[in-house]
Amino acid sequence: MISYEKGIKIEGVPFFLDARTKADFSFVSHAHFDHIAPHRKVLATPETLLFFRHRYKKTTGRALPLRRKQTVEGVKIELFPSGHILGGAQILLEHRGKRIVYTGDFTLSPGWTSPPAEVPKADIVIMESTYGLPRYQFPTREEVADLICRKVEEAFAEKKTPVFLAYPLGKSQEAAKLLGDRGISVLVHSSIFAICKIYERCGVAFKKLDVLSNQSTAKKAVILPPYLWRSRQVAQISPKKSFFLSGWGLDGGSRQSFQADEVLPLSDHADFAQLLAYLEEAQPEKVYTLHGFVEFAEILRQRGFDAQSLEAPTAAPNLDPVSQAVEFLPSLFKQS
Ligand SMILES: [Zn+2]
């Protein structure tokens, strides 16, 4: 009934969920590149549509606000916040007598620019399992906020510019919002600044924010997309200390993998405990997992859930943290 190839397809539902290649019609949970393609027609929140059109100029979009029941091509649907980035949404479909929820990427932690995920009651849950191993336990957002700001102050004390590497959509705005609200001046790359402007149109206000050009970076924090790390623009910032913002920072070897001085565990995903907490609240009769560790489905079965992965199993569980981080790197760098 539910399959995952070019995207998630539910038998009898005339649109994909997060189609990965160009489709006639797809629901888009959020506008990260690993969840979008230049579809002919898109169903998404108004914010996600703005980001989508920023990335793919032409598309026909149907904007659906959160928590408003609609019937789309004969299917009753409702969107709920996912917490992942601004505009991120889960979709609930009432189909053939079942309540089916697709979470998209989600977190139960409140962000600095978006509310946390809600947990609708569901018969079937299709959920991401990016951090679906027990060792992934994130610190609280407050602890991560204090850590980031402490690193900035330490870099300033050493007369170095703190440079944060973060995906241009979502993570960068979270960091810019946090730092500005804590009174720290922030310079961001123009690609990040353009997305900050869309955030502002959606009601998110940034303080002490400017676009990075040739100005002095003394006593300022800089936020850049990871792919620019080896650029001339970055080489001109000296001396500096670099921080990659990623949940993979929990893995011991991630610093070398990300080629930064430090990896700070700011994540916009659920950690292992949150994945379980979500299911305990939703109480589904069936769980489908995707993205990340296929072993998570086995862990759920051991805990009494009827769970299966929508992705092919790996030959053997890979439990080495460094190689896992490296394995995920290519998709992480694209996930902007
Ligand atoms: Zn995402």
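This is a predicted model: local features need pLDDT of at least 70, side-chain atom pairs count only at pLDDT 80 or more; totals for chains, interfaces and linings use all residues.
Residues are numbered from 1 along each chain as its sequence is written, and side-chain values use heavy atoms, with hydrogens and water left out.

The zinc ion is coordinated by His30 through NE2, His32 through ND1, His84 through NE2 and Asp105 through OD, at 2.2 to 2.4 Å. Donors here are N, O and S atoms within 2.8 Å of the metal (3.2 Å for Na, K and Ca); water is not among the atoms, so sites may look incomplete. The arrangement is irregular because the four donor atoms subtend angles of 90 to 171°. Along the chain, the donors of the zinc ion follow the spacing H-x1-H-x51-H-x20-D. His84, in the loop between strand S8 (75-81) and strand S9 (89-95), and Asp105, in the loop between strand S10 (98-102) and strand S11 (124-129), are 21 residues apart and link distant parts of the chain. Helices (H or I, at least four residues) and strands (E, at least two) are DSSP runs, numbered from the N terminus. Both His84 and Asp105 are buried, a term for under 20% relative accessible area, with exposed over 50% and partly exposed in between (1.4 Å probe, protein chains only).

Next come the aromatic rings. Rings of Phe, Tyr and Trp (its six-membered ring) pair if their centres lie within 6.5 Å; planes under 30 degrees apart count as stacked, over 60 as edge-to-face and the rest as tilted. By this rule there are 15 aromatic pairs. Phe272 and Phe296 make an edge-to-face pair, because their ring centres are 6.1 Å apart and their planes stand at 80°. This pair joins helix H7 (residues 272-282), which holds Phe272, to helix H8 (residues 295-302), which holds Phe296. Phe272 is buried at a relative accessible area of 7%, and Phe296 is buried at 0%. Elsewhere, one aromatic cluster is formed by Tyr131, Tyr136, Phe138, Trp248 and Phe293.

Helix H8 also holds Ala297, which is buried at 1% relative accessibility. Beyond its neighbours within four places in sequence, Ala297 is in contact (heavy atoms within 4.5 Å) with Thr289, Ala307, Gln308 and Ser309.

Key: Four donors count as tetrahedral if all angles lie between 85 and 135 degrees; four count as square planar and six as octahedral if opposite donors are over 155 degrees apart and all others between 65 and 115; anything else is irregular.
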